[in-house]
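This briefing is arranged by topic and is intended to be read alongside the coordinates.

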Amino acid sequence: MTKSYDYDVLVIGAGPGGYHAAIRAAQLGLKVACAEREKVGGVCLNVGCIPTKALLHAGEQIAAARHAADFGLTFGEQRMDIAKLNGWKDGIVKKLTGGVGALFKANKVTHLTGQASFVDDHTVKVGEQTVTAASIIIATGSEPAKLPGLDVDQESIVDSTGALVMPDPVPARMLCIGGGVIGFEFAHVYNNMGSKVKVIEFMPNVVPGADADAVKEFTKAMKKQGIEIAVQTKANKAEKKADGVHVELEDVKTGAKTVEVFDRVLVAVGRRPRTDGLNAQAAGVTVTDRGFIPADKQQRTNVPHIYSIGDVASNPMLAHKAMKEGLVAAEVIAGKPAEQDAVAIPGVVYTSPELAWVGLTEQEAKDKGYNVKTGVFPLSASGRAMTLQQTDGFVKMVVEKDTDLLLGVHIVGPHASDLLGEAGLALEMAATASDIALTIHAHPTLGESVLEAAEAVHKQAIHIMNR
């Protein structure tokens, strides 16, 4: 006799991974519930990807207005209505999270509100109610990592959530601890809005995982805009005083210590999986020392009918990775032949210029034993980039020399994230540099720079000298 459950699938967490999993499972005819202790949309929609991009857009409009006089447009004195800015940003979040709720209703996904905690491997307590499910998907996401000696108060010392609330006035001096995606995106926001910004990074290089040449070009652009960058530097402690936050900085190489004063400090030293209150051990689910719940290519944990997706499953902690894994888990539960088999997962820093990449870096390709050649096309030679007044950056293509197989694409420049779609598809389709070079791209576009980089691999680019 088959045991009866309240639901075919229970998804724990309504972030990008969770709501994708819930909706796809419902589309495939399963009875689905999704439990969320806070707001649907998770970190991404509420306090991550979306509100950050809203602030980035606002800051870039300020920067664009400053430079408009270069081509004959002069505006009056710039003034910022901080309350209106914060309200506009929050309005976008409200509209998108409301949209997720509407999608749940349209797909007949039951939304359960409250902390989810396992009772056993098929039973979960959600708030004050207890439900059972044949299959369970854990999609609890992640939260900001903490730094000893710097206690976050979400006012003068903030994490990525607190940094989203722009204070009035904008802080004159801003320190971003962590030279990754989050650190640089907020550095860019606050710099454009008038703060004097410093970014520190413990490691020798910023934006780990990106190509070395691309990072060099990216940091050059950030410094050009006035952002100070100090690598191999750490923050030991912070003390709030009347004139600001006094932060002790240490040179990792020499041990030399200095104290600098800032009006706001952002702690952006990474994220950690969120499993507090989940009581995963009651279901027999393995949780690593670092808090991850590992899964295989079909997103199954060590308990076959329990799945793990997104940030809580593994690095990289990216919304688009979580979305794909959510679809895979739902389809596997529905009996479909699905697995997470992406050739590459793209990464983006949404500053201006953007830094975006997919596939292997040049060094990674060499380390894997490929005979590597590259093609680089600078945006200073792009007519479209000139018309946008954004010529900092390049497109770099990493190719296997003997077969012409595309291995990776790295872009610094405007709309780099949008250009990356072509590169990702090319990698998934096992395309060659010649395939891209033979594809007609519209003129004048930034996309032509991808074509020119492919031509540069063969020393046949038209708009640069092929050395």
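UniProt, in an unreviewed entry, assigns residues 345-453 to the feature "domain: Pyridine nucleotide-disulphide oxidoreductase dimerisation"; such annotations may be inferred rather than shown by experiment. The model is predicted: local features need pLDDT of at least 70, side-chain atom pairs count only at pLDDT 80 or more, and totals for chains, interfaces and linings use all residues. Residues are numbered from 1 along each chain as its sequence is written, and side-chain values use heavy atoms, with hydrogens and water left out.

**Annotated domain**
- Residues 345-453 are 32% helix and 28% strand, with the end C-alpha atoms 21 Å apart; helices (H or I, at least four residues) and strands (E, at least two) are DSSP runs, numbered from the N terminus.

**Aromatic rings**
- Phe184 and Phe218 form an edge-to-face pair, at 5.1 Å centre to centre and 75° between the planes (ring centres within 6.5 Å, planes over 60 degrees apart).
- Phe184 belongs to helix α5 (residues 181-192) and Phe218 to helix α6 (residues 212-224), so the pair ties together parts 34 residues apart in sequence.
- Both Phe184 and Phe218 are buried (under 20% relative accessible area, 1.4 Å probe, protein chains only).

**Asp211**
- Asp211 lies in the loop between β10 (196-201) and α6, and counts as buried at 2% relative accessibility.
- The Asp211 side chain reaches the backbone nitrogen of Glu362 at 3.1 Å.
- Asp211 touches Thr361, Glu362, Lys396 and His410, not counting residues up to four places away in sequence (heavy atoms within 4.5 Å).

Key: Rings of Phe, Tyr and Trp (its six-membered ring) pair if their centres lie within 6.5 Å; planes under 30 degrees apart count as stacked, over 60 as edge-to-face and the rest as tilted. Buried means under 20% relative accessible area, exposed over 50%, partly exposed in between (1.4 Å probe, protein chains only). A polar contact is a pair of N or O atoms within 3.5 Å; within protein, one must be able to donate a hydrogen and the other to accept it, and residues adjacent in sequence count only if both atoms are side-chain atoms.
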